[in-house]
Amino acid sequence: MTTDTNRRRFLTSALAGSAAIASGEAALAQDKAKGAAATVIKSNPKNLPPNVPIWSKVLGDSVAAHPYGKPSKFEKHVVRRDVEWLTASRESSVNFTPLHELDGIITPNGLCFERHHGGAAEINPLDHRLLVHGLVDKPLMFTMDDLKRFPRTNRVHFLECAANSGMEWRGAQLNGCQFTHGMVHNVMYTGVLLKDILAEAGVKPTAKWLQVEGADSAAMNRSLPIEKALADAMLAFKMNGEALRTEQGYPLRLVVPGWEGNLWVKWIRRIEVGDQPWLAREETSKYTDLMSDGRSRRYTFIMDAKSVVTNPSPEAPLRHKGRNVLSGLAWSGRGKISRVDVTLDGGRNWREARIDGLVLDRSLTRFYIDVDWTGQEMMIQSRAHDETGYVQPTKDELRKIRGANNIYHNNGIQTWLVRANGETENVEIG
Amino acid sequence: MSRSAKRAIVAIVALAALSPLASAQSTKLGLGREATAAEIAAWDIDVRPDGHGLPPGKGTVKQGEDLYIAQCANCHGDFGEGRDRWPVLAGGHGSLRHERPDKTVGSFWPHQSTVFDYIKRAMPFGNAQSLTNDEVYALTAYLLHLNEIIKDTNFELNQKNFLSIKMPNADAFYDDDRETAEKSFWGAKPCMTNCLKEPPKIGSRARVLDVTPDNKSAPRVD
């Protein structure tokens, strides 16, 4: 079978699947159907061998046709998606990275998931200022040009929302890798080290915490321990080589390697140096972890090791018997990924996955399992290990300690059920 | 404190003699300009639990109620019950151990400063930073009244008495203890072959549970 026919078969089956599932699933189904319906692509036999296809005969677009390039029109289904009923408004909401459509470790800028608390602010960089004040020798105001004159650095890091997989605490809920795991992205940031900016203002010895605050209409504020600010936090103005996207904090965002995404304040306008934390809304009411005893953990900044098989997954079913490439992502906020195990039989037997490409500190890491599939039902799981010796726990192991009301920091092992026809479903086993 | 944060501190201490902070004077690049007092005052809107940043001002529960009805109730409901999927602000007392906890200002928020700070910077949604300090005092007073933390409707909340209020859930937060409470996740040598006595059973399935949820039962990411 050709790739085009495969695509058509896949998209058709996605449509049929959407139509067939229970009416109660309307919202997600409609979303899926809309996405799929818009992208049904048919193969044209006239372009198949032994014929000479049309693109081999006529001229293609000129170099002036696309001053800023976009993905092929055949890739229109590869988009961020949101779940409309999840939040009260789409300005204070989230969408999800299509992990099942990507490979390697770098997330394209336009596909990095978005999470805003007051919409994506659109800021003229000439009018953007960064204020550093509080317990400093001299409060300073920086323009973007000022910031770009500090020594520059490049770092690849994942950014994961603390609520990624948060809908899954009570069991399998959302039938798609994009929705269960898509609040993560991984790009190369270019920017300056926060410690250099702080040094310019001169931090007083009593400083213990920073308040970092955005210029958006939520004025998103969080408290950041000074040790972390001095260790490796960055102020970034570029992602994957180009200016930050509007929705990722253009013209300036905070990068806090390995720590929960909410701390990576976008459109950052102010850093106040203080001697204690601010305990703002996003570090008390939200982004604290309610335990089963009714108490809550706070300052749970680090994102623990986690992994997910992205292919197959509910939106990317298996389409061939015989040889298949199973693929996934692993990451840890504590360091490098050292190993990933994969099981195809629900945990009876595991094998080490093949890690390929760059293995970087606190970065997404790509793994593969090359499998000959005979059409048997599979229960696929992956288990990440990081260089600190942390081994990704099961969801049951997490719930045993934390209960099911945590919302945040769900790094439990994900299970996909692959049926004999290749259809794949989000399930939990125990 | 986390292991990696500790490592970071050790590294910082080790490098103290060479650190940019220690030698700040000599390494300054002369970038940026001094911020003026007026610029700082205009942007410095945060309020901390110890009262740092609390501006002069005052407002009563009654004044807060009028403001709330006019500017907040449309989303949060007349009694803070939350319309549609907008946040519930009141009630939920004693629900934190339930299967569906209601984490409201009264049942969950540990500090009243957070209420002031958040309203001042982010509310009303879509018209942020439009309220005066007196209005934020009044709204904070009214929300604390809706949560039965301030009982007297004639109560005036102000800069002087602000810190006298104690939130019911204030003592229920503790620092990240994953490295001790979840120590078993480190150093495990997981089984690789013949690991299960019985075949795995499917406990929950997205296709069964993945129903469009009603307002009360839907998962939230906010």
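Helix α4 (residues 61-71) and helix α7 (residues 133-146) of chain B have axes that come within 7 Å and cross at roughly 95 degrees. Axes here are lines fitted to C-alpha atoms, for helices over the stretch in contact, with angles running from 0 to 180 degrees between N-to-C directions. α4(B) and α7(B) are therefore roughly perpendicular to each other, the word used for 65 to 115 degrees, while angles under 35 count as roughly parallel, over 145 as roughly antiparallel and the rest as oblique. Helices (H or I, at least four residues) and strands (E, at least two) are DSSP runs, numbered from the N terminus.

Where the two helices touch, Val61(B), Gln63(B), Gly64(B), Glu65(B), Leu67(B) and Tyr68(B) of α4(B) meet residues of α7(B) including Ala138(B), Leu139(B) and Tyr142(B). Contact means that the C-beta atoms of two residues, placed from the backbone, lie within 7 Å.

Of the 14 residues of α7(B), 11 are buried, so the helix is largely enclosed by the rest of the structure. A residue is buried if 20 or more other C-beta atoms lie within 10 Å of its own, exposed if 12 or fewer, and partly exposed in between, with C-beta atoms placed from the backbone. The cover over the buried residues of α7(B) includes β2 (58-60), α4, α6 (112-122) and β3 (156-158) of chain B. Just after α7(B), look for Glu148(B), with a positive phi of about 60 degrees.

Now over to chain A. Strand β3 (residues 130-134) of chain A has 5 of its 5 residues buried. Leu130(A), Val132(A) and Gly134(A) are on one side of β3(A), and Leu131(A) and His133(A) on the other. β3(A) pairs with strand β4 (residues 140-142) of chain A in the antiparallel sense over 3 bridges; strands pair if DSSP finds at least two bridges between them. A hairpin through 5 residues joins β3(A) to β4(A). β3(A) also runs parallel to strand β12 (residues 268-274) of chain A, joined by 4 bridges. Val132(A) stands opposite Leu140(A) in β4(A) and has Ile271(A) as its bridge partner in β12(A).

Elsewhere in chain A, Asn311(A) lies in strand β15 (residues 306-311) and counts as buried because it has 23 C-beta neighbours inside 10 Å. The C-alpha atoms of Asn311(A) and His100(A) are separated by 5.9 Å, although the residues are 211 apart along the chain.

Finally, the two chains meet through 79 residues from chain B and 93 residues from chain A. Helix α1 (residues 3-14) of chain B gives the most to chain B's side, with 6 residues. Strand β23 (residues 424-429) of chain A pairs with strand β5 (residues 202-205) of chain B in the antiparallel sense over 3 bridges, and Glu428(A) stands opposite Ser204(B).

Residues are numbered from 1 along each chain as its sequence is written, while chains are lettered from A and ligands numbered from 1 in the order in which they are written. In this predicted model, local features need pLDDT of at least 70 and side-chain atom pairs count only at pLDDT 80 or more, whereas totals for chains, interfaces and linings use all residues.
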